[in-house]
Amino acid sequence: MEHLERDVRERIYDAVFEPDLWLDILTVTEALSGAASSSLIVFDATNPLRFVSTPRSRPLMERFVGEGLWRDNRRMLHYQANPITGFVRADEYFGAGLLAADIPHRLWAEHGLGAQVGTIIAMPTGQVVALAFERWLADGPFPSGALATFQRLYADFARACLIGTRMATVKERERLDALTALGIPAAILGAGGRLRAANADFEALRSLFVPLAYDGLAINDRAADTIYRASLQDLLAAGGGDGTPTPTVRSIAVPVADDRPPMLVHLMPLGRVGLDLFSSGRVLVAVSPLSASGLVPSPTLLSGLFDLTPAEARLARFLAGGGSVKAAAASFAVTEKTARTYLERIFRKTGATSQAQLVALLNSGPASGVSTPD
């Protein structure tokens, strides 16, 4: 068994540079300890950001995260009141009363998984890493020898998680620096929409964004901020704990103000390419100014920028080209009432409050992929 323990220790540090190795590490540790399943979960406070699980745990973790069962998870609150160092038996650390009401404990038990040994490690970034190993119910508790093995590996797990977290922070900064070189103001938001990192160009946009409590951000325009908050909430809710978010990209128009030109604020989910296991980033915010071009964006570009349906994009393009709602309805063979329904949806998605404002916005949009109306 010594060679297995040595193998785990070596792989732990390899995973700092190759996060995909964490699954192998969990698998080998199961063989070393007699566990039947295991998971590594990265939390932001009580909110699970992403996880790695072996096959028996993965569908349970997907339910735990995807169905929002973590919202009733009392373990992190218990940990915050009772910090630990090293691996512990769940029944001894949490107590029978907490486990009896614990949704994950009951869910795992329904699938034949019982005794659990784990640890919770706080990171300087505010994230928390949890490692959990379960045995089959029929096999009873972990033997003392297995618990001793976990304790010998604890320092290696903690050190690798700490280094991995720091490396993820460096990678986030490097990505923002790359956008700085392109002249793109950008920031990375974590769980709850908290600001994790921003480049200098983004920090200079003091008239566009308003800082909120707990590192939150708001757009300094009521209509645009309403869309921003709804879009951000959708993106954060849609992201899976394994770091696989929805492909939705949102662009929010912010009208001209005395001290700034009109802007587009883009919200983009960070997928596997944009983060690794320990990254705290969930959403990339990028800003691009709007300049008067006299050209009308194509329906495809409008759909991409503002999440318009094809019908809504066609109507927006028609109106931006100088047409009326009545003429658009006749041109597209729909009723005027239907056209006005589309227009109301366009207003909600672009932040425009009138047809004149919508036309001004679209005629100041980006010129790539544009054409004039037929």
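**From the sheet to the cores**

In this predicted model, five strands make up an open sheet whose order is β2-β1-β5-β4-β3, and their pairing is antiparallel. At the edges lie β2 and β3 (88-89), each of which pairs on one side only. Strands of a sheet pair through backbone hydrogen bonds, in either a parallel or an antiparallel way. Between β3 and β4 the pairing is antiparallel and runs over two bridges; R89, for example, has V117 in β4 as its bridge partner. Against this sheet packs the helix α8, which touches β3, β4 and β5 and whose direction makes about 45° with that of β4.

The next topic is the nonpolar interior. In soluble globular proteins, nonpolar side chains tend to be buried together. The largest nonpolar core here has 36 residues, and the members that touch the most other members are W22, L40, F87, F133, F157 and F278. At least two residues of this core come from each of α1 (2-14), α2 (22-33), β1 (37-44), β2 (47-53), β4 (113-122), β5 (127-136) and α8 (144-181). Of these elements, α8 gives the most, with nine residues.

Which residues does F278 touch, leaving aside those up to four places away in sequence? Its contacts are W22, L40, V42, R50, Q127, V129, C161, G164, T165 and A168.

Note on methods
Residues numbered from 1 in each chain as written. Predicted model: local features only at pLDDT ≥ 70, side-chain atom pairs only at ≥ 80, totals over all residues. Heavy atoms only, no water. Core = buried A, V, L, I, M, F, W, Y, C linked by side-chain atoms within 4.5 Å. Buried < 20%, exposed > 50% of the residue type's maximum accessible area, 1.4 Å probe, protein only. Helix = DSSP H or I, 4+ residues; strand = E, 2+ residues; numbered from the N terminus. Contact = heavy atoms within 4.5 Å. Pairing = 2+ DSSP bridges. Axes fitted to C-alpha atoms, helices over the stretch in contact; angles between N-to-C directions.
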